[in-house]
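Subject: Structure handover

Hello,

Here is the structure I promised to pass on. Please open it first, then read my notes below.

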Amino acid sequence: MKQLNKGLNESAVIDKLTDKEQPILKLMAGSFSNKEIASSIFLAEGTIKNYVSTILSKLNTRDRIRAVLIALN
(Lines give C-alpha, C1' and ligand atoms only; values in the text may rest on other atoms or scores of the structure.)
Protein backbone atom coordinates (compact mmCIF):
# COMPACT_ATOMS: atom_id res chain seq x y z
CA MET A 1 0.00 0.00 0.00
CA LYS A 2 2.87 2.39 0.78
CA GLN A 3 4.36 1.81 -2.67
CA LEU A 4 0.95 2.35 -4.29
CA ASN A 5 0.48 5.64 -2.42
CA LYS A 6 3.98 6.71 -3.43
CA GLY A 7 3.08 6.11 -7.08
CA LEU A 8 -0.14 8.08 -6.69
CA ASN A 9 1.67 10.96 -4.97
CA GLU A 10 4.09 11.22 -7.89
CA SER A 11 1.35 11.10 -10.53
CA ALA A 12 0.61 14.20 -12.61
CA VAL A 13 -3.04 13.12 -12.76
CA ILE A 14 -3.44 13.49 -9.00
CA ASP A 15 -3.05 17.25 -9.48
CA LYS A 16 -6.40 17.30 -11.31
CA LEU A 17 -8.08 16.31 -8.06
CA THR A 18 -8.92 18.48 -5.09
CA ASP A 19 -7.34 18.06 -1.68
CA LYS A 20 -10.45 16.15 -0.56
CA GLU A 21 -10.55 13.89 -3.62
CA GLN A 22 -6.90 12.80 -3.44
CA PRO A 23 -7.15 10.75 -0.23
CA ILE A 24 -10.37 9.17 -1.49
CA LEU A 25 -8.59 8.01 -4.65
CA LYS A 26 -5.82 6.57 -2.49
CA LEU A 27 -8.36 4.65 -0.44
CA MET A 28 -10.04 3.49 -3.66
CA ALA A 29 -6.62 2.18 -4.70
CA GLY A 30 -6.58 0.15 -1.50
CA SER A 31 -9.83 -1.57 -2.59
CA PHE A 32 -11.86 0.03 0.16
CA SER A 33 -15.62 0.23 -0.36
CA ASN A 34 -17.50 3.52 -0.21
CA LYS A 35 -18.76 2.53 3.24
CA GLU A 36 -15.23 1.79 4.48
CA ILE A 37 -13.89 5.04 3.02
CA ALA A 38 -16.73 7.00 4.62
CA SER A 39 -16.05 5.42 7.99
CA SER A 40 -12.31 6.05 7.83
CA ILE A 41 -12.56 9.75 7.00
CA PHE A 42 -15.76 10.49 8.91
CA LEU A 43 -18.04 11.40 6.01
CA ALA A 44 -21.41 10.03 4.94
CA GLU A 45 -21.41 7.18 2.43
CA GLY A 46 -23.48 9.31 0.03
CA THR A 47 -20.83 12.02 0.16
CA ILE A 48 -18.17 9.47 -0.76
CA LYS A 49 -20.31 8.25 -3.66
CA ASN A 50 -20.45 11.83 -4.93
CA TYR A 51 -16.68 12.23 -4.59
CA VAL A 52 -16.06 8.93 -6.38
CA SER A 53 -18.36 10.00 -9.23
CA THR A 54 -16.49 13.30 -9.53
CA ILE A 55 -13.12 11.53 -9.51
CA LEU A 56 -14.25 9.12 -12.22
CA SER A 57 -15.55 12.02 -14.29
CA LYS A 58 -12.33 14.03 -13.93
CA LEU A 59 -10.27 11.00 -14.96
CA ASN A 60 -12.67 10.27 -17.81
CA THR A 61 -13.53 6.72 -16.79
CA ARG A 62 -16.51 4.79 -15.44
CA ASP A 63 -14.48 2.28 -13.47
CA ARG A 64 -12.75 2.60 -10.09
CA ILE A 65 -9.92 0.28 -11.10
CA ARG A 66 -9.23 2.23 -14.29
CA ALA A 67 -9.22 5.47 -12.29
CA VAL A 68 -6.44 4.09 -10.11
CA LEU A 69 -4.53 2.78 -13.13
CA ILE A 70 -4.86 6.14 -14.90
CA ALA A 71 -3.55 7.91 -11.81
CA LEU A 72 -0.58 5.55 -11.61
CA ASN A 73 0.48 6.10 -15.23
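What percentage of the 73 residues in the protein is made up of buried residues? The share is 36%. Buried means under 20% relative accessible area, exposed means over 50%, and partly exposed lies in between, with a 1.4 Å probe and protein chains only.

Some ground rules. This is a predicted model: local features need pLDDT of at least 70, side-chain atom pairs count only at pLDDT 80 or more, and totals for chains, interfaces and linings use all residues. Residues are numbered from 1 along each chain as its sequence is written, and side-chain values use heavy atoms, with hydrogens and water left out.

**Overall picture**

The protein has five helices and zero strands. Along the sequence the pattern reads α-α-α-α-α. Helices (H or I, at least four residues) and strands (E, at least two) are DSSP runs, numbered from the N terminus. The protein exposes about 4800 Å², an area that comes from the Shrake-Rupley method with a 1.4 Å probe.

Now contacts, meaning heavy atoms within 4.5 Å. Take those with a separation of 6 or more: residues 24 or more positions apart account for 56% of them.

**Helix 2 and helix 5**

Helix 2 covers residues 21-29. Eight of its nine residues are buried. Among them are Glu21, Gln22, Ile24 and Leu25.

Two packed helices are described by the angle between their axes and the distance between the axes. Axes are lines fitted to C-alpha atoms, for helices over the stretch in contact, and angles run from 0 to 180 degrees between N-to-C directions. Helix 2 packs on helix 5 (residues 64-72) at about 110 degrees, with the axes 9 Å apart. That makes the pair roughly perpendicular. The cut-offs: under 35 degrees is roughly parallel, over 145 roughly antiparallel, 65 to 115 roughly perpendicular, and the rest oblique.

The crossing of helix 2 and helix 5 is left-handed. A crossing is left-handed if the near helix is turned anticlockwise from the far one by less than a right angle, and right-handed if clockwise.

Leu25, Met28 and Ala29 in helix 2 meet Arg64, Ala67, Val68 and Ala71 in helix 5. By class, this contact has six nonpolar, no polar and one charged residues. Ala, Val, Leu, Ile, Met, Phe, Trp, Tyr, Cys and Pro count as nonpolar, Asp, Glu, Lys and Arg as charged, and the others, Gly among them, as polar.

**Helix 3 and helix 4**

Helix 3 and helix 4 pack at about 110 degrees, with axes 8 Å apart. They are roughly perpendicular too. Their crossing is right-handed. Asn34, Lys35, Ile37, Ala38 and Ile41 in helix 3 meet Glu45, Ile48, Lys49 and Val52 in helix 4. That contact divides into five nonpolar, one polar and three charged residues.

Look at Asn34, in helix 3 (residues 34-41). Is Asn34 buried or exposed? Asn34 counts as buried because its relative accessibility is 15%. Leaving out residues up to four places away in sequence, Asn34 touches Glu45, Ile48, Lys49, Val52 and Arg64.

**Two loop residues**

Most residues other than glycine have a negative phi. Ser31 has a positive phi near 65 degrees. Ser31 sits in the loop between helix 2 and helix 3, and is exposed at 65% relative accessibility.

Asn60 has a positive phi near 55 degrees. Asn60 lies in the loop between helix 4 (45-58) and helix 5. Asn60 is exposed, with a relative accessible area of 70%.

Best wishes
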